[in-house]
Amino acid sequence: MRGLWLAALVVATMLVAMGTARAQFIGIPKPAPIVVTVTKSDQRMVVAVDGQPRFKWWVSTGARGYATPSGHYKVSWLDEHHKSKQYNDAPMPYAIFFDEGKAIHGFAGSVGGPASHGCVRLSTGNAKTLFHLVEQQQGLAGFKYDTTI
């Protein structure tokens, strides 16, 4: 009987040790840098996560007279159900704001050519995917988001 208890104690100790070692490796997930690159000439967006391209989508950037700004940006704020105050409450679902009112956001119509008032439009499904990816990473230390437009 004493041998059985000793064996159980050894197994339990091994399981606790394995669990502890596993926790050290898993721990708190490290954020994967997200880099969004928008090429206005091609009307394309590439989303790279941890240096690896994960998504490539069609977009619509600013129409003539409504330039989408060029440069590198960080996320200013997120709004899943945003409506434009400037353009008659136009829906801007899954909005990721990056430059004084400019955003990457969903659009129910077609994308693939310059058409916006300066924002970057994505199909609503793709905007939802990007929004949730950014939302998950933003709360973690070391979150990185750049937009090259």
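Predicted model: local features only at pLDDT ≥ 70, side-chain atom pairs only at ≥ 80, totals over all residues.
How far apart are the end C-alpha atoms of helix α2, and what span should its 15 residues have?

Start by selecting residues 124-138, helix α2. Numbering runs from 1 along each chain as its sequence is written, and side-chain values use heavy atoms, without hydrogens and water.

Stay on α2 and colour A127, L130, F131, L133, V134 and Q137. These residues are buried (under 20% relative accessible area, 1.4 Å probe, protein chains only). They cover an arc of only 165° around the axis, so they lie on the same side of α2 (the arc uses directions from the axis to the C-beta atoms).

Next, select V36, M45, V47, I104, L122 and L130. They have the most contacts inside the largest nonpolar core, which has 22 residues (buried Ala, Val, Leu, Ile, Met, Phe, Trp, Tyr and Cys joined through side-chain atoms within 4.5 Å). The largest share, five residues, comes from α2.

Now centre on M45. Beyond its neighbours within four places in sequence, M45 is in contact with residues including F55, W57, I104 and L130 (heavy atoms within 4.5 Å).

Then pick M92, F97, A103 and C119. They belong to a second, separate core of five residues.

Finally, zoom out. The protein chain has two helices and eight strands (DSSP runs: H or I, at least four residues; E, at least two).

Technical notes. Expected span 1.5 Å × (residues − 1). Buried < 20%, exposed > 50% of the residue type's maximum accessible area, 1.4 Å probe, protein only.
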